Amino acid sequence: MTTKLFGAPVQRREDPRLLTGQGRYLDDLGRDALAAAFVRSPHAHARVRDIDVSGALDVEGLVAIYTWEDLPERVGRALPLLIPHPALTHGRTAYPLARDVVRHVGEPVVMVVAADRYAAEDACALIEVDYEPLKPVVGIEEAVQGAQLVHEDVPGNVGAHLVQEVAAADGRGAREAIETSPHTLAFRLDIERSASMPLEGRGVYARWDGRDLRVYSSTQTSTSVRMAVAAALGLPLPQVEVIAPDVGGGFGVKIVHPWPEEVLVPWAAMTLGREVKWTEDRREHFVSSAHERGQVQYVRVGFDDDGRVLGLDVTILHDHGAYTPYGIIVPIVTSTQLLGPYKPGAYRVEFTAVYTNTVQVTPYRGAGRPQGVFCMERTMDKIARYLGKDRTEVRAANFIRPDEFPYDQGMTFQDGRPLIYDSGNYPEMLRMIKELIGWDTFERRPGLGIGIGCYVEGTGVGPYEGGHVQITSDGRVHVSTGLTSQGQGHETAFAQIAATELGVPIERVSVVTGDTRRFGYAVGTFASRAAVVSGNAIALACRKVREKALRIAADALEADPGDLDIADGIVHVVGAPSAAVPLSTVAVLANPLRYAFDEETAKATQFATAAAPDRPPVAEGEEPGLEGRDYYSPIRSTFAAGMHAAIVETDPDTAEIKVLRYAVVHDCGRLINPMIVEGQIHGGVAQGIGGALYERMVYDQHGQLVNASFMDFLMPYATEIPRVETGHLETPSPLNPLGIKGAGEAGVIPVSAVIASAVEDAEGIEINRMPISPSELFELRMG
Amino acid sequence: MKPPPFTYHAPRDLPAALRTLAEVGGKVLAGGQSLIPMLNMRLAAPGHVVDINRVAGLDGIEVSRAGVTVGALARHADVERAGAHPLLTWALKLVAHPAIRNRGTVVGSLVHADPAAELPAVLAVLGGHVRVARWDCGRVTFREIPAAEFFVGPMESAVGPGELAVSAFFPALEEGSGAAFHEVSRRHGDYALAGACAVVGVAGARVACIGVGGGPVVIDVGGDLSSAAARVRDAVDPDDDIHASAAYRRHLVGVLAERALRDAAREGAAARGA
Amino acid sequence: MEHEITLVVNGTARRARVPARRLLSDCLRHDLGLTGTHVGCEHGVCGCCTVLLDGRPVRSCLTFAVTVDGAEITTVEGLADRDGRMSAVQRAFAECHGLQCGFCTPGFLCTVTALLKENPAPTDDEVVEGIAGNLCRCTGYQNIVKAVHRAAELLAEEA
Ligand SMILES: Cc1cc2nc3c(=O)[nH]c(=O)nc-3n(C[C@H](O)[C@H](O)[C@H](O)COP(=O)(O)OP(=O)(O)OC[C@H]3O[C@@H](n4cnc5c(N)ncnc54)[C@H](O)[C@@H]3O)c2cc1C
Ligand code: FES
Ligand code: FES
């Protein structure tokens, strides 16, 4: 490998188009398409008695109005429950359009198609839906009481219930271990709802040519949307293509599929024989996509004089909103990743996922980890406070030691595989973060506090991803993978991998993601898995191509493949640079031709090559062309880790909270592109600070989301985000060929825990609920 | 989120604008930075919109010894740049973000009368007025509404149907007095949770508070600044909302009034060379 | 009723027939096909739709196209040189990794272009304040701030 691009801060290849307005986001496509809009429920819980569309029929530009009754049986079915789980005994999903009952404000009831979005909204405003309001269930406590039901057939509003237990070495359970511990603490923690909130909402655009359906969707998984759409519309898979164009951020919400609109828009395009497009607006995004985070946690912990946790017993109430299309991934992740870098003596975790008449809950960057980390890190701080010890000392006493890897936590992770950490070095990481923030020299005073938070993140979950690599006769390398990109710089990172593996200049490599025309098999972009799973798949595919290239070149150069190397796109004999053949020629030689199109291809025609007459032009077991496809299917997740620390200042009079410094040390194995990884960390931290100090979804008792706008849902601007200082540690993963771990979610995970820790330190008041606003801090001070 | 349909009028001069308003009623469109969000969310659906952006002669910023007169089309950014009145300039930096200030108008902000907006407090604390015009029996008539009568309630000003606010007058600070504005907002540029602007002169001190009542709450604190916070807290009547409790707002506005008064007093003293 | 308007967009006079309620953002994107200007909230908070109106950044989602009939508008498509070379601000964003998904980027580019014209050597606080009306959900702003300083440097070098 001569072209050392792996590990270099290569500038992004997607940038020139995105910087000049040449990006192609969903709403940039289909200029002539009809526009769809939806009448959405204004009630949190109601029975739809009647829909009167007559008032809308005269709207100029109106094309069609559809209610659930207009949908064919197949299209009108309840949306799939994507990830079933034995503990999810009462999984429920919505219908593409409300069938009898609406269960949250924003649920789609009527679809309107019109000449443009203005006309479509005019029509929506004139459609009258007669609702019989039902009593809504809002908030975890009300859901748990079970007096009112979100789904008539789900008793107690309980969708899922799961207990996981890891016994201590002596076989005792957590509860028993706590009983006999020298010290115990019990407390309750609360985390409120937030949401992914990408700046580009969702969107779907469909074209039907009478036989084939092409769907563009602002999605994190085009291959899965394709299967879901084909299934819902009853089309053979080869007749459906799904493309994720440039996507303006995802952060989890766009992994869910199919959204009602992903079924309805293509169906309308087929029914009408016209192109149809739906572009979600911001208000729709607030009430009709997904939220996350909301949990109540009851914690009991037993520990010894050193702060070592002997038993930990956590009971989680998880607000799942109205539906569970993405299964119970979030509370499972919370339950398992709660353990972080620690090894409690015994652990018991129980969660109950309850339905409420609010927007459904599906993963948002971090996907349950921020809640788990909040729980564990608050626990560590409380133990330290109780024992009068330094908070980092208590953490260190509980760390898994570097010589204990691979470390089996004895649980089942979100991918159904054992929770075994592959590698890590937590004591070193703690030393680094303490040094970076100046922990030991920090001078505490009222109104100034320091906080810390540690996490471990299972990344790169399976089942698999694939990569296809083709070298064409012009020497260009075309890489494709099925998963999608939402700003993570995959085009660059994957090009770096390919350029490094193949020994070609990166300028000659192009990468396509999320286009089922190019690669049909994929899972999707979530769980910090793209670099790990697709990255390794692409590396493996490149290795196949490289091997074939060397074999063909060896033939041409009459050398041994073992003596060959590729540099700058040229295969040469090591030590004899004049004996060389460019990859473009190898590509020509790999594809015996009858017809010539240009000078290069002429070299591969029947009378030009000196192919052995006693062998077929394409040898047995070979394929024409210089291309390769391979898959990477990890045996289990890799475990990245990080530690964050912050210094905050609280105003004694106004109770404003200001983050003065924020430091991050993280370890995601080998780095493909440190610039991109650092960018992921920055973005995650900003989202974390949003979640810690600014963002929350506020529902009133009627189930109305009262802050459904950017005026009142407070995503931080530049003025709210401190400078982020970073340090890196690299413990390569032994699990995959490239030694990498995922980094996409790292930044966001421990932020609420860190800020709570720092505010508590500054104020001397226990912080058990996040986010925290100046008003809430004021109320806490008042007692 | 697209505005509902409306009939559009773009008069070129004041009489035409007023005639149109008299004939069709309709909503005045100035900078649009408050009206268009409401239209986009379909929270308002006026049958007629009277766009005053082409009306000649409304964009003036006139400075005299007595004070500053700001025309209905003077944008926040222009008034801020003109720097004609220290308190107004201070307050404008607290209004939204530069891109909003490039369109939004000072007069529009007064008419919009958001209880958390900064500029109404400035007008109120200075005792300024708004000049309003209407079409009356074939001619243009004007009336001046003093600040104390202008802010009727939350999102409600004294500008009546068919009327156009043509300018606002912000009296200059008296010789030897100082002014200051302090607020706390959740994010930089957001409407304030609470705020207070103060003018302290030889004769006494006044403070106008925002975010703690239906409009700017003006309190004459006289010469005794030490008990000002308590008096401000007594005078205001804040509500709970999703961003802050009433108790916090009451506490906060006291802190901010104290800070504003202290800064204004210091500035006044400096101006007097004391 | 439709209105015939002319906008001078990126130096070229463009005519369009639009109803009065057509937002400038929609007019640029859908009537004129300039999809580089993005729409993230349609209520003035995110800044994705920021364009330069007679040289000043404004929210195109809070402006009716008819209101600005006759005005000069610069969009992200008009920031590069005539020969297609990216502007200093655009190059600085690439160099400093000031964008991820790129959805907020056109708004930032327009804002920063105007900011540096008015203040060619801003302090750190002035940079943060200057971009504080634009939301980015991806970058955490760190590299955007860097990019603004870098753009100021490039502009100074190239002046
Ligand atoms: C994201 C964002 C943040 C903001 N933050 C703040 C903030 O922190 N503080 C703050 O004070 N404001 C804030 N604003 C509002 C901004 O200052 C507005 O510009 C201002 O409130 C209204 O001015 P306008 O010219 O845009 O009025 P428009 O939106 O055009 O009109 C507002 C209302 O006033 C009426 N009106 C306007 N002018 C006249 C007139 N001359 N005569 C009669 N009626 C008239 C209109 O009919 C309408 O009802 C914010 C706006 C946005 C979008
Ligand atoms: S789209 Fe205009 S500010 Fe968000
Ligand atoms: S780069 Fe994605 S929102 Fe800014």
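Biologist: In strand 3 of chain C, which residues point the other way from C:Thr50 and C:Leu52?

Modeller: In a regular strand, side chains alternate between the two faces of the sheet. This model is predicted, and its strand 3 of chain C covers residues 50–53, all of them buried. C:Thr50 and C:Leu52 point one way, and the other way point C:Val51 and C:Leu53.

Biologist: Which residue in strand 4 of chain C is the bridge partner of C:Leu52?

Modeller: Strand 4 of chain C comprises residues 56–59 and runs antiparallel to strand 3 of chain C, with four bridges joining them. The two strands form a hairpin with two residues between them, and C:Asp54 in the turn has a positive phi of about 45°. Within this pairing, the bridge partner of C:Leu52 is C:Pro57.

Biologist: What is the radius of gyration of chain B?

Modeller: Chain B contains 10 helices and 14 strands. The globule rule gives 19 Å for 274 residues, and the chain is close to that value, so it is as compact as a globular protein of that length. The radius of gyration of chain B is 19 Å.

Biologist: How far apart lie the centres of the positive and negative side chains in chain B?

Modeller: Chain B has 27 positive and 28 negative side chains. The centres of the two sets lie apart by 5 Å.

Key
Residues numbered from 1 in each chain as written. Chains lettered and ligands numbered in written order. Predicted model: local features only at pLDDT ≥ 70, side-chain atom pairs only at ≥ 80, totals over all residues. Heavy atoms only, no water. Buried < 20%, exposed > 50% of the residue type's maximum accessible area, 1.4 Å probe, protein only. Pairing = 2+ DSSP bridges. Rg over C-alpha atoms; globule rule 2.2 N^0.38 Å. Lys, Arg positive; Asp, Glu negative; His and termini not counted. Charge placed at Lys NZ, Arg CZ, Asp CG, Glu CD.
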